[in-house]
Amino acid sequence: MEYPFRCGLTRMPTDSSKIGRDILSIYLVTGAAGFIGRSIAAALLARGETVRGIDNFSTGRRSNLVGLESMEFIEGDLAEPAACARACAGVEFVFHEAALASVPRSVADPVATNVACVDATLNLLVAARAAGVRRVVYAGSSSAYGDTPTLPKHEGMLPGPISPYAVAKLAGEHYMGAFSRVYGLETVVLRYFNVFGPYQDPTSHYSGVLAIFCRRMLAGEQPTIYGDGEQSRDFTYIDNVVRGNLLAAAARAEKVSGRMMNLATGNRITLNQTFEILSGLTGYSGKPAYEPPRSGDIRDSLADISLARELLGYTPQVDFREGLRRTVEWYRSGGGN
Ligand code: UD2
């Protein structure tokens, strides 16, 4: 992947009090030991940026930090204000990826999801404002749209969260908007649609479906489909999400600050079709097991990505099949164990 643009480091200081910070822009990535956070951190480091990461390892993995040795790392929990203050000191841009993902996890323990997604996000915003952070880019979730039948989902639609997870991620979006409006902190919300790719943890019951399927099918084990398999998703390969984040940090504030936009591919595929493609890629010759749908699950999800195109110049670079091929190769070569 190529990252042709840089932000922060080359910008001229606008006033003398900011000179030190402008010359040494620090990027904070929360959830840096998680799948998306580590991928953003790796891209920033590859571009020569100064990066700080924070993670409490609730779902992030120490093994995901391999290759990120030049990143300053803080083991800490954003639910603690002191950890947020430490993480934000001297920082110019924050990519807020830390969360407790998974709809079924939130159904099992809504309070834990709220603490990790809502309390932590508010603490982070308070600390970011106090530290003079310029911009926070927030990982929103397509779950905010809920289970309305209208497709594709566009940003003008009313949210309709149906799981505690969706409520928590949506609350974070609203905090971003409020901090832009009342405190002038620049915030950009990117609503991710089912991100997948290398470094996604395949070992938990709460992992993303593609990570679970890759691992099981490569091991010759039967995957389980909840429901009839005709539910569809706009599965988005990680490189597209990383690119969208870098664009969101670099975009002019007048264009993006206080805004929310989808980050996806604009295509959808059913789980049954995905299973067939994965059978070919992994060599798995069996059939899936079918079990009842999960509570809080959404039937169909597809993004309209025209707003991100317009505001960020975003276009997906890696399509679903190519992304899946790369992902299978990564798990096949031992990734995620
Ligand atoms: C939601 C969000 C997504 C992201 C994610 C974080 C939607 C449409 N998407 O993803 O943007 O925030 O939460 O966790 O709300 N499934 C199986 N077998 C398995 C595992 C899952 O059939 O072994 C099904 C599951 O019931 C669902 C689909 O696969 O219908 C996708 O599940 P998921 O957990 O990967 O992601 P999802 O859609 O809840």
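This report walks through the salt bridges, the ligand's surroundings and the aromatic pairs of the structure above.

## Before we start

What you're looking at is a predicted model: local features need pLDDT of at least 70, side-chain atom pairs count only at pLDDT 80 or more, and totals for chains, interfaces and linings use all residues. Residues are numbered from 1 along each chain as its sequence is written, and side-chain values use heavy atoms, with hydrogens and water left out.

## Salt bridges

Searching the whole structure turns up 16 salt bridges. The term stands for a side-chain nitrogen of Lys or Arg within 4 Å of a carboxyl oxygen of Asp or Glu. One of them joins Arg-47 to Glu-49, with the closest N and O atoms 2.9 Å apart. Both ends are tucked away: Arg-47 is buried at a relative accessible area of 7%, and Glu-49 is buried at 5%. (Buried means under 20% relative accessible area, exposed over 50%, and partly exposed in between, using a 1.4 Å probe and protein chains only.) Then there's Arg-252 with Glu-254, where the closest N and O atoms are also 2.9 Å apart. Here Arg-252 is exposed, and Glu-254 is too.

Another salt bridge links the side chains of Glu-322 and Arg-325, at 2.8 Å from N to O. These two sit in helix α12 (residues 320-332), 3 residues apart, or about one turn of the helix. Helices (H or I, at least four residues) and strands (E, at least two) are DSSP runs, numbered from the N terminus. Glu-322 is partly exposed at 26% relative accessibility, and Arg-325 is partly exposed at 37%.

## Around the ligand

The ligand has 24 residues around it, and the closest are Ser-141, Tyr-165, Thr-224, Arg-233 and Asp-297. A residue counts as near if one of its heavy atoms lies within 4 Å. Sorted by class, this shell has 12 nonpolar, 9 polar and 3 charged residues. For that count, Ala, Val, Leu, Ile, Met, Phe, Trp, Tyr, Cys and Pro are nonpolar, Asp, Glu, Lys and Arg are charged, and the others, Gly among them, are polar.

A polar side-chain atom of Arg-233 lies 2.6 Å from one, and a polar side-chain atom of Gln-231 lies 3.0 Å from one. From Tyr-192, a backbone N or O atom lies 3.2 Å from a ligand oxygen. On its own, the ligand has 750 Å² of accessible area (Shrake-Rupley method, 1.4 Å probe), and the protein covers 92% of that. Which elements give two or more residues to the shell? They are α7 (209-218) and β8 (224-226).

## Aromatic pairs

The whole structure holds 12 aromatic pairs. Rings of Phe, Tyr and Trp (its six-membered ring) pair if their centres lie within 6.5 Å; planes under 30 degrees apart are stacked, over 60 edge-to-face, and the rest tilted. Tyr-199 and Trp-330 make a tilted pair, 4.8 Å centre to centre with 45 degrees between the planes. Tyr-199 belongs to the loop between β7 (195-196) and α7, while Trp-330 is in helix α12, so their pairing ties together parts that are 131 residues apart in sequence. Tyr-199 is partly exposed at 25%, whereas Trp-330 counts as buried at 18% relative accessibility.

Trp-330 also pairs edge-to-face with Tyr-331, at 5.2 Å centre to centre and 75 degrees between the planes. Both Trp-330 and Tyr-331 are buried. Finally, ring pairs gather Phe-196, Phe-235, Tyr-237 and Phe-320 into a cluster.

Note on methods. A polar contact is a pair of N or O atoms within 3.5 Å; within protein, one must be able to donate a hydrogen and the other to accept it, and residues adjacent in sequence count only if both atoms are side-chain atoms.
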